[in-house]
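Welcome, and please open your viewer. We will go from one selection to the next, and at each stop you can look for what is described.

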Amino acid sequence: MTDQVIKNTEGDAEHPPERHRGPVVLRRARQDEESTTDQRLLDSRGPSDWVHTDPWRVLRIQAEFVEGFGALAEVPRAVTVFGSARTPRDHPEYQLGRDIGTALANAGFAAITGGGPGAMEAVNRGASEAGGLSIGLGIELPFEQGLNPWVDLGVNFRYFFTRKTMFIKYAQAFICLPGGFGTLDELFEALTLVQTKKVTKFPVVLFGTEYWGGLYEWVRTTVLAEGKIGEKDAALLHLTDDIDDAVGVVLEAYKAWEDAH
């Protein structure tokens, strides 16, 4: 789209002169820029700083979406499982992660994790060893060692928001094992998307009453009690210590989704 100058060239306090540059609106001092989009595209003169600017990064972001969509397009029904990257292999939560990965595979679900070590590795390992599809969506971080060895299908991302889209788009549910800020971030993002109907019914299971119980009670006795959320919002969370119960919640939600489609 080429630039066009709005007819209001005089302007006033409420309606200053403006220039449209595609979807961008330039007003006041900004609208005096004389060059057009086509001119800047075709003019090879001048500095090469443009390759380091934010608009140029859009192409990299676009490439990440295209790569992710292409790699995951044929993934069957799946569940995203979050948990701490710091869980050691000899910790009971590691074995729990393996058992959950196994149970999901046996129920016919692919297991999606962040692809890192700890609880994520455990879930990928359980799913892979049980013959299920084990998926890891990694992220470029200064302190993690890339995708764990039990990832069968892996995609590495530079941007958290691209990766988050993949976690939501290709899963039918979330299961949250004990974890830190990353797990909390994904947990509340999923809840917000369901609450605002950006995604359809999407069960969120908190696995581990001892770990998550305080948060669960705070949501009900403080956030809900003070009217910051509704009863339906609070009901989006399911707290359990039982693997069969967790998988049952996932299966029930998936059947409801199938019936609706």
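**Stop one: a buried arginine**

Select R125, which you will find in helix α4, spanning residues 119-129. Keep in mind from the start that this is a predicted model. Is R125 buried or exposed? Its relative accessible area is 18%, and because buried means under 20%, R125 counts as buried. Now show the residues around R125: setting aside those within four places in sequence, R125 is in contact with Y94, R98 and W150.

**Stop two: a partly exposed phenylalanine**

Next, select F69 in helix α2, which covers residues 54-72. F69 has a relative accessibility of 32%, so F69 counts as partly exposed. Which residues does F69 touch, not counting those up to four places away in sequence? They are T165, M166, K169 and Y170.

**Stop three: two packed helices**

Two packed helices are described by the angle between their axes and the distance between the axes. Turn the view and you can follow α5 as it passes α6 in a right-handed crossing.

Show the side chains where the helices meet. From α5, the contact uses K164, F167 and I168; from α6, it uses D185, E186, E189, A190 and L193. Sorted by class, this contact has four nonpolar and four charged residues, with no polar ones.

**Stop four: colour by confidence**

Colour the whole protein by pLDDT. The average is 86, and 80% of the residues score at least 70. Which element has the highest mean pLDDT, and which the lowest? Helix α3 (residues 92-106) has the highest, at 98, while strand β1 (residues 4-5) has the lowest, at 42. Select residues 1-8 as well: the pLDDT is below 50 over this stretch, which has 20 contacts in the model beyond near neighbours in sequence. Where pLDDT is low, the predicted coordinates should not be read in detail.

**Last stop: the whole protein**

Zoom out to take in nine helices and ten strands. Of the 261 residues, 41% are buried. Among contacts with a separation of 6 or more, 64% join residues 24 or more positions apart.

Methods: Residues are numbered from 1 along each chain as its sequence is written. Side-chain values use heavy atoms; hydrogens and water are left out. A crossing is left-handed if the near helix is turned anticlockwise from the far one by less than a right angle, and right-handed if clockwise. Helices (H or I, at least four residues) and strands (E, at least two) are DSSP runs, numbered from the N terminus. Contact means heavy atoms within 4.5 Å. Ala, Val, Leu, Ile, Met, Phe, Trp, Tyr, Cys and Pro count as nonpolar, Asp, Glu, Lys and Arg as charged, and the others, Gly among them, as polar. pLDDT is the predictor's confidence in each residue, from 0 to 100. Buried means under 20% relative accessible area, exposed over 50%, partly exposed in between (1.4 Å probe, protein chains only).
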